[in-house]
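Dear colleague,

Please find below the structure that I am handing over to you, together with its sequence. My notes on what was found in it follow directly after.

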Amino acid sequence: ARVRAARPDFLFSFYYRSMLKPALLDCAPRGALNMHGSLLPKYRGRVPVNWAIIHGERETGATLHYMTAKPDAGDIVGRQAVAILPDNTAKDVFDKVTAAAAQLLDRQLPTLIAGTAPRSKKDLTQGSYCGGRKPEDGRIDWAQPAQRVYNLVRAVAPPYPGAFTDQQGERFIVARARLVPV
């Protein structure tokens, strides 16, 4: 009721982790927009930066899109890509995505205000949806290829809980790793 009473033209969500109800989205006649931390439609859902690293992606970015009742499914206004370098951790990539999001918003806000912003449909079949991660998801499976273990370590390195292994009843956190050719 308070948002409706404020009569906003737009609503913006920046990396908000909960779905907004359609009644709230409908309060803004010019649109409710979200800044998502991936190049949608890839990695819709939670913790997209972590998932991109886990899956060995070399690129991700920020996407400004209209919100709908379905997560990360609305039309795209714009995207800004960033590189994922071989030694980048999730924090490194998140910082890059944050800067890309600021650049994207700076570029697209005037077009939104003018009513000339691009609006392209997503083909959700070309993307993926990822759920949230729990600390237990950082358990290292040493039977996996070295690249996959390395990607996991990078994806959950501090400030995330870190990858871990249990040896002889003790838990060891693997906060950093380096992949070297054999």
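R139 and D166 are joined by a salt bridge, with their closest N and O atoms 2.7 Å apart; the term stands for a side-chain nitrogen of Lys or Arg within 4 Å of a carboxyl oxygen of Asp or Glu. This pair links distant parts of the chain, since R139 lies in the loop between β6 (129–130) and α5 (146–155) and D166 in strand β7 (residues 163–167), 27 residues apart. Helices (H or I, at least four residues) and strands (E, at least two) are DSSP runs, numbered from the N terminus.

Please note that this is a predicted model, in which local features need pLDDT of at least 70 and side-chain atom pairs count only at pLDDT 80 or more, while totals for chains, interfaces and linings use all residues. Residues are numbered from 1 along each chain as its sequence is written, and side-chain values use heavy atoms, with hydrogens and water left out.

Salt bridges

The structure holds seven salt bridges. As background, side chains of opposite charge can pair when their charged atoms come close. Besides its bridge to D166, R139 meets E136 in a salt bridge of 2.6 Å, N to O. D166 in turn forms a salt bridge with R171, at 3.1 Å from N to O.

E136 is partly exposed at 43%, D166 is partly exposed at 32%, and R171 is partly exposed at 46%.

Charges over rings

R171 also lies over the face of F164, at 3.8 Å from the ring centre. A charge is taken to sit over a ring if NZ of Lys or CZ of Arg is within 6 Å of the ring centre and within 35 degrees of the ring normal. The charged end of R133 likewise sits over the ring of W51, 4.8 Å from its centre.

Aromatic pairs and the nonpolar patch

How many aromatic pairs does the structure hold? There are two aromatic pairs. Rings of Phe, Tyr and Trp (its six-membered ring) pair if their centres lie within 6.5 Å; planes under 30 degrees apart count as stacked, over 60 as edge-to-face and the rest as tilted. The rings of F10 and F12 have centres 5.9 Å apart and planes at 35 degrees, so this pair is tilted. F12 and F14 form a stacked pair, with 6.0 Å from centre to centre and 10 degrees between the planes. Together, F10, F12 and F14 form one aromatic cluster.

F10 counts as buried, at 14% relative accessibility. F12, which lies in strand β1, is partly exposed at 31%, and F14 is partly exposed at 46%.

F12 and F14 also belong to a nonpolar surface patch of about 350 Å², which they make with L109 and I113. The elements that give two or more residues to this patch are β1 (11–14) and α4 (90–114). Patches are made of residues with over 30% relative accessible area and no salt bridge; like charges are joined within 9 Å, and nonpolar side chains (Val, Leu, Ile, Met, Phe, Trp, Tyr) within 5 Å. Accessible areas come from the Shrake-Rupley method with a 1.4 Å probe, and for residues only the protein chains shown count as cover.

Two serines

S38 is found in the loop between β2 (32–36) and β3 (44–45) and is buried, with a relative accessible area of 0%. The side chain of S38 reaches the backbone oxygen of K42 at 2.6 Å. S128 lies in the loop between α4 and β6 and is partly exposed, at 27% relative accessibility. The C-alpha atoms of S128 and L152, which are 24 residues apart along the chain, are separated by 19 Å.

Yours sincerely

Terms used. Buried < 20%, exposed > 50% of the residue type's maximum accessible area, 1.4 Å probe, protein only. Polar contact = N/O pair within 3.5 Å; in protein donor to acceptor, adjacent residues only side chain to side chain.
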